[in-house]
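The following note is intended for a colleague who is meeting this structure for the first time.

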Number of protein chains: 2
Amino acid sequence: MKKKIVLVGLGLIGGSLAKALKLSTEHEVLGVDISDETLLDACSCGAIDRKATLQDLEEADMIYLCVYPEEVIRFIEEYGKRLKSDCIVTDTCGIKKQVCRQMNLLQANGNFIFVGGHPMAGKERSGFSASDPSIFVGASYLITPCGAPEWAVEEVSSLAKGMGFGRVVLTTPEKHDQIIAFTSQVPHVLACAYVMSPRCREHQGFSAGSYRDVSRVALINDELWSRLFLDNREALLREIDTLIGNLEKLRDAVAGQEEGELRGLLQAAARIKQEEG
Amino acid sequence: MKKKIVLVGLGLIGGSLAKALKLSTEHEVLGVDISDETLLDACSCGAIDRKATLQDLEEADMIYLCVYPEEVIRFIEEYGKRLKSDCIVTDTCGIKKQVCRQMNLLQANGNFIFVGGHPMAGKERSGFSASDPSIFVGASYLITPCGAPEWAVEEVSSLAKGMGFGRVVLTTPEKHDQIIAFTSQVPHVLACAYVMSPRCREHQGFSAGSYRDVSRVALINDELWSRLFLDNREALLREIDTLIGNLEKLRDAVAGQEEGELRGLLQAAARIKQEEG
């Protein structure tokens, strides 16, 4: 059955989802964006069928909110009551505890169903012009059901698989935020801290793969990531402190010229990395 | 003119250099290794023409010492006096200050010419079985001339270019070690400290490119890297401390919920990364 899907926010993720949905389904794919230019670009290249009207929102079977956390909440505060019964609302925020808690409260005022979502994909560039459905191929799609009925979770999940995601993982908002602090936020914090060394400006000609890999995500969207960091403050601080503690252990072994201790730490790290398979 | 080139140590780097020299030159390429099995493997696949004899060492036009720093020194202490006049001796050690200082002292007892070298390439696996000349393609070859005549530096440099290295950079041992501490050693320290988080074992399904990139080199050769770290102790400690200091700045901005400060730090990092072009 042909469904009406509305994407709110056609940036890197929203734009990529729109393109991927057009490629992998026969559904009607409509867009909402604060920029008319972006909407025009998205229409021109076939990423969306057209701009969504207020009536489209009211008739939508599914809405992807691809905007910052506060805007997800603001959107539902404004339109939540007008959505049709059983409309699935999902988001793409990189943190889930806060968004899911607020969305669950707002659900009381409407008939829509909220399913938290986090497509684990990104790029160093942002905006619709950088959108590309191939960033999803093989990636993880994290879902926090937050009490949504199974059929709705299944719907979000099967669309994700159709778009090329390699796996769908169901989890709780709490677990999501703690692990994401480690797998995604710390590498960004780290990349930024790393390139701030005065030696960074002299690296040309002296660097190989390990420099490139660690520094890659330092080309960061400061607005997006500062919000993600602050919204996931406690979990992130726990991870940064763990990292600093481990760096200090290695540092002290080097400073004290304790070769045995140093080798033991490196072996432990290599074993952890090896076991991930 | 056909030259006699001897590679001492047929591990990942020595084995890859042997293969690359066979592919890019007509020179005689001979090998020395503590393992007869490795020598046999190297002969069988054509990485070397044959095992080098003592006479080959005495007749060699060029010797690549592809072993740990202490063994570079030990080799020259043992054979330095027997090498023919103007034989070029070069090494592949990841640190240069200590090796170059000792080699310059040992030169007084022989007629060979020492040119410090550091092919900036690697892999997560080690040993001859992992050797592969394609790891050099486009990489940097760092040379610390340490007083060697220009023609000898040119010889090492032109062989490197022939093997596919993207660029040859001449530098001093001091500058080499300080920048390498940042571009190569810190990413390895970092990767190890990172995977030591208790959350690492739960990362499956929750990770994307940034996790993979930062953790990649945690699959570390602990014997090699602990020596490299200790041999470059002062420069490395300076870099680790700089990194911890920068991590603390970011940490404090998150802890204090100082969004402006946090964005400023992220912007500064993004600018540094952007400017590297």
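1. A salt bridge is here a side-chain nitrogen of Lys or Arg within 4 Å of a carboxyl oxygen of Asp or Glu. The model is a predicted one, in which local features need pLDDT of at least 70 and side-chain atom pairs count only at pLDDT 80 or more, whereas totals for chains, interfaces and linings use all residues; side-chain values use heavy atoms, with hydrogens and water left out. Residues are numbered from 1 along each chain as its sequence is written, and chains are lettered from A and ligands numbered from 1 in the order in which they are written.

2. Over all chains, the rule gives 40 salt bridges. Across the interface of chain A and chain B it finds 10. One pair to inspect is A:Arg216 with B:Asp213, whose side chains meet in a salt bridge at 2.6 Å, N to O.

3. B:Glu239 and A:Arg199 form a salt bridge, with the closest N and O atoms 2.3 Å apart. This pair crosses between chains: B:Glu239 belongs to helix H10 (residues 233-255) of chain B, and A:Arg199 to the loop between helix H7 (173-195) and helix H8 (209-215) of chain A. Helices (H or I, at least four residues) and strands (E, at least two) are DSSP runs, numbered from the N terminus. Both B:Glu239 and A:Arg199 are buried; buried means under 20% relative accessible area, exposed over 50%, and partly exposed in between (1.4 Å probe, protein chains only).

4. B:Asp222 forms a salt bridge with A:Arg263, the closest N and O atoms lying 2.6 Å apart. The partners are in helix H9 (residues 222-231) of chain B and helix H11 (residues 259-275) of chain A, respectively. B:Asp222 counts as buried because its relative accessibility is 13%, while A:Arg263, at 26%, counts as partly exposed.

5. Within chain A, A:Glu223 and A:Arg227 are joined by a salt bridge of 3.1 Å, N to O. Both lie in helix H9 (residues 222-231), 4 residues apart, about one turn of the helix.

6. How many residues does each chain bring to the contact? Chain A gives 86 residues and chain B gives 86 residues, contact meaning heavy atoms within 4.5 Å. The two chains bury about 8,300 Å² between them, 68% of it on carbon and sulfur atoms. Buried area is the accessible area (1.4 Å probe) that two parts lose on being put together, summed over both. In chain A, A:Phe182, A:Arg199 and A:Phe206 lose the most area to chain B, together 10% of what that side buries.
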